[in-house]
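My notes follow in the order I looked things up.

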Amino acid sequence: MSFTDSSDAPIYAGLVEEHGDVMAEVRRVAEETMREADRAIDFSDIRRSPAYR
């Protein structure tokens, strides 16, 4: 989903057509990175482990 309708920003629409929707790709990669970071710093399994009680 784009921030603006392509009819509102013909220059943006041309750039998207030429180079792809870079902003959408950046958002996708940022969301994926945040999910990976959340998994990397999730210590909930360690706290539940009997060895650490």
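This is a predicted model: local features need pLDDT of at least 70, side-chain atom pairs count only at pLDDT 80 or more; totals for chains, interfaces and linings use all residues.

Entry 1: I look back at H1, which covers residues 10-19. How many of its 10 residues are buried? I find a count of 0, so I note H1 as hardly covered; buried here means under 20% relative accessible area.

**Entry 2: the whole chain.** I step back and list the elements. The protein chain has 3 helices and 0 strands. Along the sequence I read the pattern α-α-α. The chain has 53 residues, and buried residues make up 4% of them. I look up the accessible surface next. It comes to about 5000 Å² for the protein chain. Carbon and sulfur atoms account for 60% of that surface.

**Entry 3: confidence.** The mean pLDDT of the protein chain is 81. Of its residues, 74% reach 70 or more. Which element has the highest mean pLDDT, and which the lowest? H2 has the highest, at 95. H3 has the lowest, at 69.

**Entry 4: salt bridges.** I search the whole structure and get 2 salt bridges. I take Arg 28 as my way in, and find it in helix H2, which spans residues 22-40.

I look at Glu 25 as a partner. The side chains of Arg 28 and Glu 25 meet in a salt bridge, 2.7 Å from N to O. The two side chains also make a polar contact at 2.7 Å. Both residues lie in H2, 3 residues apart, about one turn of the helix.

I then look at Glu 32. Arg 28 forms a salt bridge with Glu 32 as well, with the closest N and O atoms 3.0 Å apart. This pair also lies in H2, 4 residues apart, again about one turn of the helix. Through shared partners, the salt bridges join Glu 25, Arg 28 and Glu 32 into one network.

Why does this spacing work? I write down the helix rule: an α-helix has 3.6 residues a turn, so residues three or four places apart point the same way.

**Entry 5: is the network buried or exposed?** I look up each member. Arg 28 has a relative accessible area of 41%, so I class Arg 28 as partly exposed. Glu 25 is at 40%, so Glu 25 is partly exposed. Glu 32 is at 32%, so Glu 32 is partly exposed too.

**Entry 6: a nonpolar patch.** Which residues form a nonpolar patch on the surface? I find Ile 41, Phe 43 and Ile 46. Together they have about 310 Å² of accessible area. I place Ile 46 in helix H3, residues 44-48. Ile 46 counts as partly exposed because its relative accessibility is 40%.

Methods: Residues are numbered from 1 along each chain as its sequence is written. Side-chain values use heavy atoms; hydrogens and water are left out. Buried means under 20% relative accessible area, exposed over 50%, partly exposed in between (1.4 Å probe, protein chains only). Helices (H or I, at least four residues) and strands (E, at least two) are DSSP runs, numbered from the N terminus. Accessible areas come from the Shrake-Rupley method with a 1.4 Å probe; for residues, only the protein chains shown count as cover. Patches are made of residues with over 30% relative accessible area and no salt bridge: like charges are joined within 9 Å, nonpolar side chains (Val, Leu, Ile, Met, Phe, Trp, Tyr) within 5 Å. A salt bridge is a side-chain nitrogen of Lys or Arg within 4 Å of a carboxyl oxygen of Asp or Glu. A polar contact is a pair of N or O atoms within 3.5 Å; within protein, one must be able to donate a hydrogen and the other to accept it, and residues adjacent in sequence count only if both atoms are side-chain atoms. pLDDT is the predictor's confidence in each residue, from 0 to 100.
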